[in-house]
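Here is a friendly briefing to read alongside your structure. Take a look at the model first, then follow the topics below.

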Amino acid sequence: MALQPGDQAPAFSLPDGNGNVVNLSDFRGQRVVLYFYPRDNTPGCTKEACSFRDAYVNYQNQSVAVLGVSTDDAKSHTKFTAKHNLPFPLLTDTDGSMATSYDSYGLKKFMGKEYMGIRRTTFIIGPDGTIEKVYKKVKPEAHADQVLDDLAELPD
């Protein structure tokens, strides 16, 4: 069953590109934007990551944490982060188990081929750990600004 606003966000504990373990519980009392993306260094994923990078100061001004998640390994995340000067952690979910718990991993189709992978999905998680908003149809370039606009409408 797909996660909906009002549901408790599934707990997670994943390493970032530097091997630091990041837990959802680390952000208790703070809003979190958790975005799932298919692959480092692909056109859409690069646009999405860079849009969050370019808007990052606005997220910081609202005390909102930004976390990216893909099935890429730590080495890939480290290169991607360095290449694009990303100021937020990218989490490594190599087996897709965390993405599965967020209903963001499953069967995909591309150019006539079917395969398992991460679906581009974003969640706003409230300070109490509940899901406040879910984005399933994400346009990578404008997504960070769309999320910021929606954050402005959420209660403090």
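Is tyrosine 115 buried, partly exposed or exposed? With a relative accessible area of 34%, tyrosine 115 is partly exposed, where buried means under 20% relative accessible area, exposed over 50% and partly exposed in between (1.4 Å probe, protein chains only). Please keep in mind that this is a predicted model, in which local features need pLDDT of at least 70, side-chain atom pairs count only at pLDDT 80 or more, and totals for chains, interfaces and linings use all residues. Residues are numbered from 1 along each chain as its sequence is written, and side-chain values use heavy atoms, with hydrogens and water left out.

**Surface patch**

- Tyrosine 115 sits in strand 7 (residues 113–118); strands (E, at least two residues) and helices (H or I, at least four) are DSSP runs, numbered from the N terminus.
- Together with Phe110 and Met111, Tyr115 forms a nonpolar patch on the surface, with about 380 Å² of accessible area in total.
- Such a patch joins nonpolar side chains (Val, Leu, Ile, Met, Phe, Trp, Tyr) within 5 Å, from residues with over 30% relative accessible area and no salt bridge.

**Nonpolar cores**

- The largest nonpolar core has 23 residues, and Val33, Tyr35, Phe52, Tyr59, Phe88 and Leu151 have the most contacts inside it.
- A core here is a set of buried Ala, Val, Leu, Ile, Met, Phe, Trp, Tyr and Cys residues joined through side-chain atoms within 4.5 Å.
- Elements giving two or more residues to this core include strand 3 (31–36), helix 1 (43–54) and helix 5 (143–152); helix 5 gives the most, with four residues.
- Beyond its neighbours within four places in sequence, leucine 151 is in contact (heavy atoms within 4.5 Å) with Arg31, Val33, Tyr59, Gln62, Val64 and Ile124.
- A second, separate core of 21 residues includes Leu14, Ala65, Met98 and Ala99.

**Salt bridges**

- The structure holds seven salt bridges, each a side-chain nitrogen of Lys or Arg within 4 Å of a carboxyl oxygen of Asp or Glu.
- Lysine 47 and glutamate 141 meet in one of them (3.9 Å, N to O).
- Lysine 47 lies in helix 1 and glutamate 141 in the loop between strand 9 (131–135) and helix 5, so this pair ties together parts that are 94 residues apart in sequence.
- Lysine 47 is partly exposed at 42% relative accessible area, while glutamate 141 counts as exposed at 57%.
- Arginine 119 pairs with aspartate 103 in a salt bridge, their closest N and O atoms being 3.5 Å apart.
- Salt bridges that share partners join Asp103, Arg119 and Lys136 into one network.

Technical notes
Patch = residues over 30% accessible without salt bridge, like charges linked within 9 Å, V, L, I, M, F, W, Y side chains within 5 Å. Areas by Shrake-Rupley, 256 points an atom, 1.4 Å probe, with all protein chains shown as cover.
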